[in-house]
Amino acid sequence: MGLLSELKLAVPWGHIAVKVWGSQKNPPVLCLHGWLDNANSFDRLIPLLPQDFHYVAMDFGGHGLSSHYNPGFPYCHQNFVSEVQRVVTAFKWTRFSLLGHSFGGTVGGMYACIFPEMVDKLILLDSTPFLLDSNEMEHIPLYRRRNIEHMLQVEASQKPPKVSSPEEVLQRTLNNNSHLSKECGELLLQRGTTQVATGLVLNRDRRLSSPENSFDFVSKEMFVHLTRNLQANVLLIKATEGYYDVRRANDEKKEPLFFMVDTLNTILKERFQLVKVPGNHYVHMNKPHVVAGTISSFLESQPRTSSLL
């Protein structure tokens with residue numbers, strides 16, 4: 001299935017860029033990328049999925065080819081959730097499925113909780129529907145502070161974007177993302193950079209800092225309440241060598257993930273499915289065939305979102 005089109009959806013601060021595969025008459029699947037990634041995250045996976053769906057991969061604000069937020073306007077979790085509703089409204093969907101990798105999964109999870117009647121299936125790629133505060137409780141004020149300070153610092157610096165050679169940009173990307181293969185790093189940079197006379201400039205907004213500075217963490221009690229609000233069937237694909245927490249420092253502390261899986265199991269019962277796959281955090285890019293079969297079966301299982309027409 002080839003890429004059908006690239007669209008720009010108008011929003012008050014500019015546009016949200018999306019990539020579209022398949023006919024708009026087919027049931028829609030919205031694909032949400034991870035932190036500082038972009039819609040190219042799904043380029044290798046979508047061609048392996050069932051062709052009778054309408055796949056839309058969006059760039060979150062400040063990422064990929066989407067507009068940066070207006071000056072002085074911070075990036076926070078809830079804003080990304082509202083971007084999903086803007087895309088849904090633009091396409092006039094009444095019900096759809098969500099496929100989210102990493103940070104995109106937590107945005108999709110919160111959306112499916114706030115708009116439960118809209119989402120029939122939620123697929124989480126090495127992600128969770130909400131972010132637990134278990135390992136972060138004492139740090140949250142510091143993250144909020146860093147988000148504000150970082151934004152003010154970027155605004156005050158007035159420095160032009162850093163220009164680097166393609167090799168330098170790729171090396172930095174791979175150094176920051178040890179789970180990315182060279183090929184997949186290049187794929188993300190195709191959409192994540194702009195060519196200028198002397199090299200490449202990153203497209204992403206420099207106000208975006210560490211993910212934890214923009215995330216909304218929830219307590220165990222809140223996690224239970226939010227999960228009860230989900231009407232979607234949920235598939236969680238856990239990469240065995242993937243991430244277990246927002247920060248790598250906490251990856252050894254697996255208790256929060258066990259709590260989340262246990263809660264999803266208890267509350268959603270047969271509507272929840274956990275599948276473990278060999279691979280790392282970017283398994284959907286590095287080895288898409290490893291997850292494609294599981295995702296395809298889940299999308300095609302009942303209840304299926306009906307076509308729009």
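Modeller: UniProt positions are quoted here in the numbering of this model, feature names are shortened, and an annotation may be inferred rather than shown by experiment. The model is predicted, so local features need pLDDT of at least 70 and side-chain atom pairs count only at pLDDT 80 or more, while totals for chains, interfaces and linings use all residues. Residues are numbered from 1 along each chain as its sequence is written, and side-chain values use heavy atoms, with hydrogens and water left out.

According to the unreviewed UniProt entry, the annotation "domain: AB hydrolase-1" covers residues 27–162. The end C-alpha atoms of residues 27–162 lie 42 Å apart, and the span is 33% helix and 18% strand. Helices (H or I, at least four residues) and strands (E, at least two) are DSSP runs numbered from the N terminus.

Helix H2 comprises residues 103–114. Among the buried residues of H2 are Phe103, Met110, Tyr111 and Cys113. The buried residues of H2 pack against strands E3 (28–32), E5 (96–101), E6 (119–125) and E7, and against helices H1 and H6; contact here means heavy atoms within 4.5 Å.

Aromatic rings come next. Rings of Phe, Tyr and Trp (its six-membered ring) pair if their centres lie within 6.5 Å; planes under 30 degrees apart count as stacked, over 60 as edge-to-face, and the rest as tilted. The whole structure holds 21 aromatic pairs. One of them joins phenylalanine 60 and phenylalanine 80 edge-to-face, at 5.3 Å centre to centre and 65 degrees between the planes. Phenylalanine 60 lies in the loop between strand E4 (54–58) and helix H1 (77–91), and phenylalanine 80 lies in H1, so that the pair links distant parts of the chain, 20 residues apart. Both phenylalanine 60 and phenylalanine 80 are buried. Ring pairs also draw Phe60, Phe80 and Phe103 into a cluster that includes Trp13, Trp35 and Phe217.

Trp35 has a further partner: serine 209 is in contact with Trp35, Asn147 and His150, leaving aside neighbours within four places in sequence. Serine 209 lies in the loop between strand E9 (199–202) and strand E10 (217–218). Why does serine 209 count as buried? Serine 209 does so because its relative accessible area is 14%.

Helix H7 (residues 255–268) has 14 residues and reaches 20 Å from its first C-alpha to its last, close to the 20 Å expected. Its buried residues include Leu257, Phe259, Met260 and Leu264. Together, the buried residues of H7 pack against strand E7 (131–132), helix H6 (220–229), strand E11 (233–241) and strand E12 (272–280). Just after H7, lysine 269 takes a positive phi of about 55 degrees.

How values were computed. Buried < 20%, exposed > 50% of the residue type's maximum accessible area, 1.4 Å probe, protein only. Expected span 1.5 Å × (residues − 1).
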